Amino acid sequence: QVQLVESGGGLVQPGGSLRLSCVASGFTFSSYVMSWYRQTPEKERELVATITTAGVKNYADSVKGRFTISRDNAKNTIYLQMNSLKPEDTAVYYCKAVRRTFGTYDYWGQGTQVTVSS
């Protein structure tokens with residue numbers, strides 16, 4: 001059974017930090033490109049950061065220099081270190097696993113709420 005379980009969300013003041021985690025199970029984690037997305041009620045789900053199987057990282061312009069994505073294949077886990085948080089970072093954050101070799105596979109987690117407010 002495939003599962004992606006996010007954790008680490010919460011309420012933080014502007015300028016603060018949070019670290020999100022996403023633990024994967026039920027598939028070969030190291031073979032998947034992993035990403036973080038976020039969504040608010042007013043906007044479509046948007047890509048925040050991606051890390052490939054080789055460890056190459058890409059970020060949305062809005063989070064460059066503030067967020068860092070990483071992965072630990074031994075723990076089947078990805079992380080999103082979020083620093084200098086802004087109110088506009090408030091959203092539900094989701095992790096996604098994608099594989100496009102030997103078929104097409106897309107898996108989503110259930111999301112974790114991040115609220116940046118004073």
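This is a predicted model: local features need pLDDT of at least 70, side-chain atom pairs count only at pLDDT 80 or more; totals for chains, interfaces and linings use all residues.

Residues are numbered from 1 along each chain as its sequence is written, and side-chain values use heavy atoms, with hydrogens and water left out.

Me: Which strands are the edge strands of the open sheet of four strands?
Reply: Helices (H or I, at least four residues) and strands (E, at least two) are DSSP runs, numbered from the N terminus. Two strands pair if DSSP finds at least two bridges between them. The open sheet has the order β1-β3-β8-β7, with antiparallel pairing. Pairing on one side only marks the edge strands, β1 (3-7) and β7 (67-72).

Me: By what angle are neighbouring strands of this sheet turned against each other on average?
Reply: Axes are lines fitted to C-alpha atoms, for helices over the stretch in contact, and angles run from 0 to 180 degrees between N-to-C directions. For neighbouring strands of this sheet, direction ignored, the average is 15°.

Me: What is the bridge partner of Val98 in β10?
Reply: Strand β9 (residues 91-99) and strand β10 (residues 105-108) run antiparallel, with four bridges between them. Their hairpin has five residues between the strands, and there Phe102 takes a positive phi near 55°. In β10, the partner of Val98 is Asp106.

Me: Which residue forms a salt bridge with Asp106?
Reply: A salt bridge is a side-chain nitrogen of Lys or Arg within 4 Å of a carboxyl oxygen of Asp or Glu. Asp106 is partly exposed, at a relative accessible area of 33%; buried means under 20%, exposed over 50%, and partly exposed in between (1.4 Å probe, protein chains only). With the closest N and O atoms 2.6 Å apart, the partner of Asp106 is Arg100.

Me: How many residues apart in sequence are the parts that the pair Cys22 and Cys95 ties together?
Reply: Cys22 and Cys95 form a disulfide (a pair of cysteine sulfur atoms within 2.5 Å), and their sulfur atoms are 2.0 Å apart. Cys22 lies in strand β3 (residues 18-25) and Cys95 in strand β9, so the parts tied together are apart in sequence by 73 residues.

Me: Why is the disulfide of Cys22 and Cys95 called right-handed?
Reply: Both Cys22 and Cys95 are buried. The disulfide is right-handed because the torsion about the S-S bond is about 45°.

Me: Is Arg38 buried or exposed?
Reply: Arg38 and Glu46 meet through their side chains in a salt bridge (2.6 Å, N to O). Glu46 is partly exposed, with a relative accessible area of 29%. For Arg38 the relative accessible area is 6%, so this residue is buried.

Me: Where does Asn76 lie?
Reply: Asn76 has a phi near 55°, a positive value in a residue other than glycine. At 25% relative accessibility, Asn76 counts as partly exposed. Its place is the loop between β7 and β8.

Me: Where is the place of Ser84?
Reply: Ser84 is not a glycine, yet it has a positive phi of about 50°. Its relative accessibility is 41%, so Ser84 counts as partly exposed. Ser84 is in the loop between β8 and β9.
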